Amino acid sequence: MNTFARSSAVMAVVLSFCFASSVQAQAARGQSRDEASLRKLVAEQTEAWNRHDATAWSKDFAPDSEFINIVGTVFSGREEIAKRHASIFASIFKDTRAEVTVRKILFVAPSVAVVDTEHVVTGYAGLPPGVQATEPGVLRTRMRYVLKQTGGKWSIVAGQNTDVKPAPAAPSQPAPSSQQAPAPTGR
């Protein structure tokens, strides 16, 4: 291989690394912007919960989305999700306050993300059947959303809320060991 060919090959490799680095940097900046947008969506939804505004809480759900609530009921579409949340905001959750922490954001494709959050809900008047307080006066849940970006806007296409069960009570006395000697018979 002559010197010109060798120099051209080296230059092509260097340029390809530069181009790849530039593309990766642009992707990282885009992902950072998207992560900020997703965190903002969660923050706005939390604020809407604390105002007990079902319409605002549901605004980022896609029109054809599905949401599985804390007891496993499936709500189909933004309209039904808003209606069901209006009902709980008018009853058992009318005085609640939620604190929400984003635990993890995973981009499974450039325009698809999974967002996991942890919720701490206080001030409830009651809980849905089968749901227990995680600790006295506190309901902790984990929410998972699948979001899709279309036209620069993120929409929730699927969501599921799961309650965190209370820790089991400590045993009051140790269970008998199978290797203990049998109790005396009184002879």
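Helices (H or I, at least four residues) and strands (E, at least two) are DSSP runs, numbered from the N terminus. Axes are lines fitted to C-alpha atoms, for helices over the stretch in contact, with angles from 0 to 180 degrees between N-to-C directions, and contact means heavy atoms within 4.5 Å.

A word on the model: it is predicted, so local features need pLDDT of at least 70 and side-chain atom pairs count only at pLDDT 80 or more, while totals for chains, interfaces and linings use all residues. Residues are numbered from 1 along each chain as its sequence is written, and side-chain values use heavy atoms, leaving out hydrogens and water.

Now follow the open sheet, whose six strands come in the order β2-β1-β6-β5-β4-β3 with mixed pairing; two strands pair if DSSP finds at least two bridges between them. At its edges are β2 (74–76) and β3, each pairing on one side only. The twist averages 15° from one strand to the next. Further in, β1 and β6 run parallel, joined by four bridges, and E66 stands opposite A158 in β6.

Finally, look at the largest nonpolar core, with 30 residues. Such a core is a set of buried (under 20% relative accessible area, 1.4 Å probe, protein chains only) Ala, Val, Leu, Ile, Met, Phe, Trp, Tyr and Cys residues joined through side-chain atoms within 4.5 Å. Its largest share, five residues, comes from α1. L38 is among the residues with the most contacts inside this core; beyond its neighbours within four places in sequence, L38 touches I105, F107, A113, V115, L147 and W154.

Terms used
Buried < 20%, exposed > 50% of the residue type's maximum accessible area, 1.4 Å probe, protein only.
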